[in-house]
Amino acid sequence: MSVLRYLTAGESHGPMLVGVLDGLPAGIPLSEADLLPRMRRRQGGYGRGKRMSLEADTPQIVSGLWQGATSGSPLAVLVENKSNRQDRTQKRRTVPRAGHADLPGILKYGFDDANPVIERASARETTMRVALGAVTARFLELLGVRLCGHVIAFGGVEAPPLPVDLEADALEAARDGSEVACCDPAASQRMVARVDEARERGETLGGRIELVVWDLPPGLGTYAQWDRRLDARLSQAMMSIPSVKEVELGDALAVAREFGRSAHDVIVRDHAGLTRSSNRAGGLEGGITNGMPLVLRITLKPISTQRKPLPSVDIDSGETVEGRYIRSDVAVLPAAAVIAESLAALVLADAVLEKFGADRFGDIQVAIASYLARLPQYPAMDPAP
């Protein structure tokens with residue numbers, strides 16, 4: 001059972017979004033300012049639509065803090081919707097849009113109107129998940145863990161692989177210097193041009209995100225039960241992001257084409273402990289972290305809303321009609337990178353609390369230090385041949 005639990009509520013054009021995060025330990029230094037960088041990144045990126053210029057997305061922490069730190073009580077966060085237009089939902093919408101939850105939601109809940117589905121199924125909901133994920137990212141960062149999502153493919157334009165020894169600061173600096181959150185300047189320029197082309201054509205674009213997490217302790221997660229495997233928990237979180245259709249852990253797609261002997265990471269001694277000669281597994285073996293950087297990738301389809309709507313059927317008349325256009329983005333890849341970071345932070349923070357306790361932050365730091373000290377140590381390395 002998860003130590004951390006969270007729920008979100010609110011509609012895309014309702015008064016506000018609400019989130020409750022339960023299970024945080026006491027003693028984590030935290031303020032609303034700690035949430036803002038990731039929330040600002042979610043709003044930005046080349047290809048976003050007009051909605052993001054209308055919203056402030058300023059989080060209000062209304063419970064769970066005491067004198068500048070978490071209290072151990074549930075943490076509640078509010079984000080006001082500036083685009084609060086509930087009047088738009090008064091008119092029935094009877095033409096479901098292809099690629100959206102409109103028709104499945106109508107059928108599931110017995111609606112004669114797509115509005116209640118549109119309002120809750122909207123990706124606007126990820127605003128609150130980013131806010132709550134930013135809280136857990138802060139917790140992990142105070143433990144020395146760093147998370148960085150960046151764009152590796154955009155509308156068919158692919159960036160070259162990162163250097164294997166690239167560190168967190170350098171990756172973040174390169175990503176933040178790009179309008180499309182891509183670390184390669186030349187690829188970034190081509191991606192921007194691709195967005196311009198799609199906007200001119202009235203089309204949308206998909207692509208791929210890579211998430212790297214540094215300095216996770218080995219031993220998070222378990223192989224003991226299928227639903228507690230960390231790879232499974234991360235995959236579920238990533239697949240919950242709107243438009244995500246694939247999750248890749250490590251170099252899964254590449255090694256699937258190779259013989260097994262070259263597909264795995266040899267265990268070697270390094271300095272005083274054990275490590276791997278490569279990281280094709282992406283930091284996870286048997287559903288457990290192995291001490292290498294965690295690497296996963298997600299693939300997003302082009303978002304469903306089209307400026308030139310696709311055909312549909314009116315559920316009242318049964319007639320084939322043209323679908324509706326709702327204000328939208330051309331692409332959301334840069335935003336998806338920070339959403340992936342935030343959801344991974346929620347999963348990984350839960351795994352840390354599961355292993356090291358969940359009452360007080362200082363106790364967790366002591367428990368991690370004690371655990372790392374008891375791992376196999378080899379201080380006297382063999383001399384080089």
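## Ground rules

The model is predicted, so local features need pLDDT of at least 70 and side-chain atom pairs count only at pLDDT 80 or more, while totals for chains, interfaces and linings use all residues. Residues are numbered from 1 along each chain as its sequence is written, and side-chain values use heavy atoms, with hydrogens and water left out.

Helices (H or I, at least four residues) and strands (E, at least two) are DSSP runs, numbered from the N terminus.

## H10 and H8

Let's start with helix H10 (residues 333–356) and helix H8 (residues 230–239), whose axes come within 9 Å and cross at roughly 150°. Axes here are lines fitted to C-alpha atoms, for helices over the stretch in contact, and angles run from 0 to 180 degrees between N-to-C directions. That angle makes H8 roughly antiparallel to H10 (under 35 degrees is roughly parallel, over 145 roughly antiparallel, 65 to 115 roughly perpendicular, and the rest oblique). The crossing is right-handed; that term applies if the near helix is turned clockwise from the far one by less than a right angle, and left-handed if anticlockwise.

On the H8 side, the contact (heavy atoms within 4.5 Å) uses Leu230, Arg233, Leu234, Ala237 and Met238. H10 brings Ala340, Leu343, Ala344, Val347, Leu348, Asp350, Ala351 and Glu354. By class, that gives 10 nonpolar, no polar and three charged residues (nonpolar: Ala, Val, Leu, Ile, Met, Phe, Trp, Tyr, Cys and Pro; charged: Asp, Glu, Lys and Arg; polar: the others, Gly among them).

## H10 and H5

H10 also packs with helix H5 (residues 126–142). Here the axes are 7 Å apart and the angle is about 50°, which makes H5 oblique to H10. This crossing is left-handed.

From H5, the residues involved are Thr126, Arg129, Val130, Leu132, Gly133, Thr136, Ala137, Phe139 and Leu140. They meet Ile339, Ser342, Leu343, Ala345, Leu346, Leu348, Ala349, Val352 and Leu353 in H10.

## H10 and H11

Next up is helix H11 (residues 361–373), which packs with H10 at an angle of about 75°, the axes being 10 Å apart. That makes H10 roughly perpendicular to H11. Val352, Leu353, Lys355 and Phe356 of H10 make the contact with Ile364, Ala367, Ile368 and Tyr371 of H11. Sorted by class, these are seven nonpolar, no polar and one charged.

Setting aside neighbours within four places in sequence, Gln365 is in contact with Leu142 and Leu143.

## Buried residues in the helices

Arg129 of H5 is buried, with a relative accessible area of 9%. Its side chain makes polar contacts with the side chains of Glu125 (3.1 Å) and Ser240 (2.7 Å). A polar contact is a pair of N or O atoms within 3.5 Å; within protein, one must be able to donate a hydrogen and the other to accept it, and residues adjacent in sequence count only if both atoms are side-chain atoms. Leaving out neighbours within four places in sequence, the residues in contact with Arg129 include Tyr6, Thr8 and Pro242.

Leu230, in H8, is buried at 0% relative accessible area. Not counting residues up to four places away in sequence, Leu230 touches several residues, among them Leu220, Leu284, Thr289 and Val347. Asn115 in helix H4 (residues 115–121) is buried at 4%, and a polar atom of its side chain lies 2.7 Å from the backbone oxygen of Lys91.

## Two loop residues with positive phi

Most residues other than glycine have a negative phi. Ala181 has a positive phi near 60°; this residue lies in the loop between helix H6 (168–176) and helix H7 (185–201) and is buried at 9% relative accessibility. Asp215 has a positive phi of about 70°. Asp215 lies in the loop between strand E9 (207–214) and H8 and is exposed, with a relative accessible area of 57%.

Note on methods. Buried means under 20% relative accessible area, exposed over 50%, partly exposed in between (1.4 Å probe, protein chains only).
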